[in-house]
Amino acid sequence: MASQVPFLDLKTQQSRIAADLRRRLDAVLDHCKFILGPEVAELEERLATFCGAAQCVAVSSGTDALQIALMAEQVGRGDAVFLPAFTYTATAEVPLLLGATPVFVDVDPHTFQIDPKHLKARISEIRRESRLRPRALIGVDLFGQPADWPALREITAKERLFALDDCAQAFGASLHGVRLGTQADATATSFFPSKPLGAYGDGGALFCEDAARAAAWRSLRTHGEGQTRYEVLRTGMNGRLDSLQAAVLLAKLAIFEDELAAREKVAAAYDAHLSSLVTVPARVAGSASAWAIYAILLPDGAARDRLQAALTVAGVPSAIYYPRPLHLQPAYRAAHDGSRLPVAEDIASRILALPIHPYLSGADIDRIAAAVRAAF
Ligand SMILES: *Cc1c(COP(=O)(O)O)cnc(C)c1O
C-alpha cells in the first residue's frame, strides 16, 4: 500500500508557531489563572477585531456557543427553530436540548447552503399549522462558505425571527468583503482542533453588536451569575473557555490570514485538476471561503463509493460529510414532520471530501488529483 497523505496536518502548523506557543503556554503555567484568565480577554478582543464585530464572548465549544445564544433569547418549548437538514448534528441538537423543535430546511443543490426559498415555505407551513411559534433561524456556513445571509436576513426581519449564524466551519470567511461575524443577530463559532482556527481541545466564541446581549452571554457561560459571583440571575451553564486554549488560539491567530490564503490556493489547484472529472464546489457569489472542507460531487452513490475505495488503496484519505441528512437520523426523526428534503438526501448520497489544509504540498495535491483521475 502507498504511503498515506494526511487528511489534516496539525504537526507542521505546530512547528511553525512553536516559539510563540511555548511562550504563551508558559505564561499561563506561571500565573495559574487557568479558567477565563487574561489570555481569554485578549483573545476576545483580537477575535472581535479580526471579524469586525463589536462584541466577542469566548466559550467552551461551538455547541455551547449555539446553546448560550438560544438560551439568551429564551428559546424553548413551543418554539420552532429553522435550520438546514444538511449540517453537523450539533445544529439540531441544541434547540432540542432546550425543548424547542428543529424544523429542517432543504439546501441549495449547488452551494449546499440552506435554501432561502424553502425556508420561506417552511415558515409558512409552521404558521399555517399554528402548533409551533416560529422563533429562530440557525443558518450554517457549511464547509467554510457563507450561507446566503442577505436573503436570509430579509426573511428573518420580515418574519421576526432571531437569526443565529452557525459559523463553526467558517470563521475567517467573508461575504462581499466583510468577514462573517456580523451577518446575523448572533454568530457562533467553534475552535475544535480540525476547524480552520482550531485549539488543542474544545473551544468556541460568540459575536454580536449589542453589549446587553453579550453581557447576558457572559452571565450564562458562568452559571447565570450577576454582578457578584454568588448572585444567580438566570439558569446558566458551565460554558467557560480555559486560558491554555486561549493561548493556543492567540498563537494560531497570528498566522491565520496566511493560512486562509494557503487554503484558497489548495482549493484553486483542486479545481484546476478536477473540474473536468467531477463536480467541484460551487462558490457562493461574492464570498471568500475558509475552506474547512473541500467536497466534490459524484454522479451517484456507487461512483462515490468506488472512488473512495480507490483513493484508500492509493493512500489518499477522504471523508463523507455527511452520509445522512439530519431529518433521517434516528435521534431526530421523531422531531421531523416526515416531509422529504430531496436535495439534502441526494447530496448526502454522492458527496466526498478530499484532504484540505494550509500545508498540503503541490506534490500531494498532484498525487491526490492523479489518484482521482486514475479511478475514472
Ligand atoms: C463543529 C460544528 C459544531 C460544533 O462545534 P463544537 O466545538 O465541536 O461543539 C456546530 N456546528 C457545525 C456546523 C459544526 O461543524
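Biologist: Where is Ala19 found?

Modeller: Helices are DSSP runs of H or I with at least four residues, strands are runs of E with at least two, and both are numbered from the N terminus. Ala19 is found in helix H1, residues 10-31. This is a predicted model, in which local features need pLDDT of at least 70 and side-chain atom pairs count only at pLDDT 80 or more, while totals for chains, interfaces and linings use all residues. Residues are numbered from 1 along each chain as its sequence is written, and side-chain values use heavy atoms, with hydrogens and water left out.

Biologist: Does Ala19 count as buried or exposed?

Modeller: Buried means under 20% relative accessible area, exposed over 50%, and partly exposed in between, with a 1.4 Å probe and protein chains only. Ala19 counts as exposed because its relative accessibility is 63%. Ala19 and Leu132 are 113 residues apart in sequence, and their C-alpha atoms are 54 Å apart in space.

Biologist: Where is Leu360 found, and what is its relative accessible area?

Modeller: Leu360 is found in the loop between strand S12 (351-354) and helix H13 (362-374). Its relative accessible area is 7%, so Leu360 is buried. Leu360 and Lys265 lie 95 residues apart along the chain, with 9.8 Å between their C-alpha atoms.

Biologist: With which side chain does Thr87 make a polar contact?

Modeller: A polar contact is a pair of N or O atoms within 3.5 Å; within protein, one must be able to donate a hydrogen and the other to accept it, and residues adjacent in sequence count only if both atoms are side-chain atoms. The side chain of Thr87 makes such a contact with that of Thr91, at 3.0 Å. Thr87 is found in the loop between strand S2 (79-84) and H4, and it counts as buried because its relative accessibility is 3%.

Biologist: How many residues surround the ligand, and which are the closest?

Modeller: A residue belongs here if one of its heavy atoms lies within 4 Å of the molecule. The ligand is surrounded by 14 residues, the closest being Gly62, Thr63, Asp166, Ser190 and Lys195.
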